[in-house]
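Please view the sequence and the model together before reading on.

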Amino acid sequence: MSEDDEKVKLRRIEPAIQKFIKVAIPTDLERLRKHQINIEKYQRCRLWDRLHDEHINAGRTVQQLRANMREMEKLCLRVRQEDIPVLQRMINPVKEEASSAIKDFLQLHSESAEELKRQLEGQEDGSLTRSITVGGETLYNTEVKDGSQSLIQMYSPLPEIPQNENAAESWETLEEDLIQLSQLVTEFSVLVNSQQEKIDRIEDHVNSAAVNTEEGTKNLRKHDTKCMSRGVHHGDPRLSKTQTGLS
């Protein structure tokens with residue numbers, strides 16, 4: 001029994017995969033986004049105890065997200081190779097969303113004020129700006145022309161967490177968990193892509209064999225035609241006898 005014979009058609013396990021794509025993983029990513037917002041807020045305000053608690057809660061969400069990714073991976077590995085292209089189209093959006101969320105989270109400690117200022121240089125002229133101060137940091141509340149408001153933070157990099165605070169250690173743990181999750185998403189992508197490459201190679205072999213068979217058939221026909229032509233023009237004895245008998 002071949003490896004593919006032990007697998008199942010996508011439609012049999014698609015409902016289970018869709019639960020991860022449409023419900024479980026998006027829910028985890030939304031929780032992670034909220035944790036990121038809270039972490040940034042607490043760190044800017046130097047609320048180290050609350051920051052420590054938020055790091056721990058975010059770590060639990062990361063663990064849950066990693067578990068859901070692994071379960072979805074197990075299901076995807078059961079899918080027959082012929083359904084891999086459809087499977088890829090199903091999972092790519094949520095996989096890319098997860099990669100983007102992890103990347104954004106890890107950039108919390110790497111963004112600079114200069115980068116943010118460059119991003120804001122394209123803001124519309126004539127906007128009205130006023131600032132407020134929270135926890136020693138300056139926030140700018142920008143009123144755009146249509147009357148809507150957006151709170152834009154103009155700040156230096158996040159204040160460094162004192163090493164004697166529990167939040168420093170909990171961030172290192174969370175950062176490590178996020179990196180491991182990122183690796184899992186990448187490995188999952190490579191795994192599915194390798195299955196697709198295997199399918200492509202099989203199709204190439206099949207197409208090549210078909211072309212070779214067709215070329216062989218054409219050559220055989222040409223050979224037979226030449227043989228018949230030689231028999232008529234050079235007076236093949238067998239053809240002569242047949243022709244004599246018919247006459």
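A residue is buried when its relative accessible area is under 20%, exposed when over 50%, and partly exposed in between (1.4 Å probe, protein chains only). Helices are DSSP runs (H or I, at least four residues), numbered from the N terminus.

## Basis of the model

The model is predicted: local features need pLDDT of at least 70 and side-chain atom pairs count only at pLDDT 80 or more, while totals for chains, interfaces and linings use all residues. Residues are numbered from 1 along each chain as its sequence is written, and side-chain values use heavy atoms, with hydrogens and water left out.

## Helix α3

The buried residues of α3 include Ile84, Leu87, Ile91, Val94, Ala98, Ile102 and Phe105. At Ile91 the helix bends by about 40°, the bend being the angle between axes fitted to the seven residues ending there and the seven starting there. A proline, Pro93, follows within four residues.

The end C-alpha atoms of α3 are 31 Å apart, which agrees with the 33 Å that its 23 residues should span at 1.5 Å a residue; the expected span is 1.5 Å times one less than the number of residues.

## Surroundings of His55

His55 belongs to helix α2 (residues 48–76) and counts as buried because its relative accessibility is 2%. Leaving aside residues up to four places away in sequence, His55 touches Ile39, Ile161, Ala167, Ser170, Trp171 and Leu174, where contact means heavy atoms within 4.5 Å. The C-alpha atoms of His55 and Thr173 are separated by 8.5 Å, although these residues lie 118 apart along the chain.

Notes: Helices (H or I, at least four residues) and strands (E, at least two) are DSSP runs, numbered from the N terminus.
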